[in-house]
Amino acid sequence: MTQARAIYFGYGSNMWQNQMDRRCPENKYLGIGYLNDWKWIICERGFANIKPSPGDKVYGLIYEISENDEKNLDGYEGVPVHYLKKYYPITFLGAKSSPEESEKKALIYINEQWHTESPPNTEYIYRMNMAIADGIKEGVPEDYMEQNLRRFISKEYEVPNQ
């Protein structure tokens with residue numbers, strides 16, 4: 001029997017494809033997309049979050065994930081204590097090799113209360129730098145990364161012990 005698969009929108013450290021492959025070994029990378037009328041921040045917990053913001057956009061990488069992958073992500077994201085699972089329409093832009101624009105409903109992890117902008121956790125800086133590099137490599141606009149994520153994420157970081 002084939003497992004159901006969900007479309008997942010990763011906008012924080014889950015844009016780092018190596019991390020997604022470790023967390024969700026059955027994932028399939030689909031391309032990039034964006035969520036309209038939301039803003040990317042580092043919240044008071046020190047991790048990425050998004051909050052409603054008319055006129056803004058949040059870019060991310062789109063994956064197809066299995067039920068097992070989704071259970072794994074629920075654990076990493078701290079559902080339901082730290083993040084909630086929501087489904088929102090995103091504009092899917094496809095992959096660099098096969099661009100296509102369409103609207104898809106995607107699973108997104110968000111916290112609806114933590115909207116205070118704060119510095120990132122130290123260990124998160126490395127993971128976000130890897131995510132930013134992968135996002136740009138896949139076609140997320142570099143100016144989006146500079147104007148939004150780089151407000152919080154320094155290019156300078158220590159490589160953590162693996």
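Here are a few friendly notes on this predicted model, from its strands to its aromatic contacts.

1. Ground rules. Residues are numbered from 1 along each chain as its sequence is written, and side-chain values use heavy atoms, with hydrogens and water left out. In this predicted model, local features need pLDDT of at least 70 and side-chain atom pairs count only at pLDDT 80 or more, while totals for chains, interfaces and linings use all residues.

2. Strand pairing. Helices (H or I, at least four residues) and strands (E, at least two) are DSSP runs, numbered from the N terminus; two strands pair if DSSP finds at least two bridges between them. Strand E3 (residues 48–66) pairs with E1 (residues 5–10) in the antiparallel sense over six bridges, and Gly 10 stands opposite Leu 61 there. E3 also pairs with E2 (residues 28–42), again antiparallel, over 13 bridges. In that pairing, Trp 38 has Pro 52 as its bridge partner in E3. Five residues separate E2 and E3 in their hairpin, and Gly 46 in the turn has a positive phi of about 95 degrees.

3. The annotated glutamate. An unreviewed UniProt entry lists Glu 77 as "active site"; such annotations may be inferred rather than shown by experiment, and positions follow the numbering used here, with feature names shortened. Glu 77 is found in helix H2 (residues 67–77). Glu 77 counts as buried because its relative accessibility is 15% (buried is under 20% relative accessible area, exposed over 50%, partly exposed in between, with a 1.4 Å probe and protein chains only). Leaving aside residues up to four places away in sequence, Glu 77 touches Tyr 8, Asn 14, Arg 23, His 82, Tyr 83 and Tyr 109 (contact means heavy atoms within 4.5 Å).

4. Aromatic pairs. The whole structure holds ten aromatic pairs. Rings of Phe, Tyr and Trp (its six-membered ring) pair if their centres lie within 6.5 Å; planes under 30 degrees apart are stacked, over 60 edge-to-face, and the rest tilted. Tyr 8 and Tyr 109 form an edge-to-face pair, 5.8 Å centre to centre with 70 degrees between the planes. This pair links Tyr 8 in E1 to Tyr 109 in strand E5 (residues 98–110), 101 residues apart.

5. Charges over rings. A charge sits over a ring if NZ of Lys or CZ of Arg is within 6 Å of the ring centre and within 35 degrees of the ring normal. Arg 22 lies over the face of Trp 16, 5.1 Å from the ring centre. Lys 104 has its charged end over the ring of Phe 92, at 5.0 Å from the centre.
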